[in-house]
Amino acid sequence: MLDRLSVIFTQVMGDDFPVDRVSCDSRITSDLGLNSVSLLYLVLAIEEEFGVSFSNESISSFETVGDICRYLEKNATK
């Protein structure tokens, strides 16, 4: 799961994104530097890749990459 998310982070943020910083404990905004626009692109890419649909409530509850992984483990269809 984390490997697939790391690929998506790189696709969204660009090839110069330090993918080695992506871990379950990485904070999405403060550690990885995503802003609201890049977070929107990330969410759209994750939805497409994993066959899920996020609610605004679930998106706002994600603080770490691990939060996203746990959500996907429960809800992903792909």
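Visitor: Which residues are buried in helix H4?
Guide: In this predicted model, helix H4 runs over residues 65-75, and its buried residues are Val65, Gly66, Ile68, Cys69, Tyr71 and Leu72.

Visitor: And what covers the buried residues of H4?
Guide: The cover includes helix H1 (2-13), helix H2 (36-50) and helix H3 (56-61).

Visitor: On to the rings, then. How many aromatic pairs does a search of the whole structure find?
Guide: That search turns up 4 aromatic pairs.

Visitor: What makes the pair of Phe9 and Phe17 stacked?
Guide: Their ring centres sit 5.9 Å apart with the planes at 15°. Pairing asks for centres within 6.5 Å, and stacked asks for planes under 30 degrees apart, so Phe9 and Phe17 are a stacked pair.

Visitor: Why does Phe9 count as buried?
Guide: Buried means under 20% relative accessible area. Phe9 comes in at 0%, so it counts as buried.

Visitor: And why is Phe17 called buried?
Guide: Its relative accessible area is 9%; the cut-off is under 20%, so Phe17 is buried too.

Visitor: What makes the pair of Phe54 and Phe62 edge-to-face?
Guide: Here the centres are 5.5 Å apart and the planes stand at 80°. Edge-to-face needs an angle over 60, so that's the label for Phe54 and Phe62.

Visitor: How do you know that Phe54 and Phe62 are buried?
Guide: Phe54 has a relative accessible area of 10%, and Phe62 has 14%. With the line drawn at under 20%, Phe54 is buried, and so is Phe62.

Visitor: Which residues do ring pairs link into a cluster?
Guide: Phe54, Phe62 and Tyr71.

How values were computed. Residues are numbered from 1 along each chain as its sequence is written. This is a predicted model: local features need pLDDT of at least 70, side-chain atom pairs count only at pLDDT 80 or more; totals for chains, interfaces and linings use all residues. Side-chain values use heavy atoms; hydrogens and water are left out. Buried means under 20% relative accessible area, exposed over 50%, partly exposed in between (1.4 Å probe, protein chains only). Helices (H or I, at least four residues) and strands (E, at least two) are DSSP runs, numbered from the N terminus. Contact means heavy atoms within 4.5 Å. Rings of Phe, Tyr and Trp (its six-membered ring) pair if their centres lie within 6.5 Å; planes under 30 degrees apart count as stacked, over 60 as edge-to-face and the rest as tilted.
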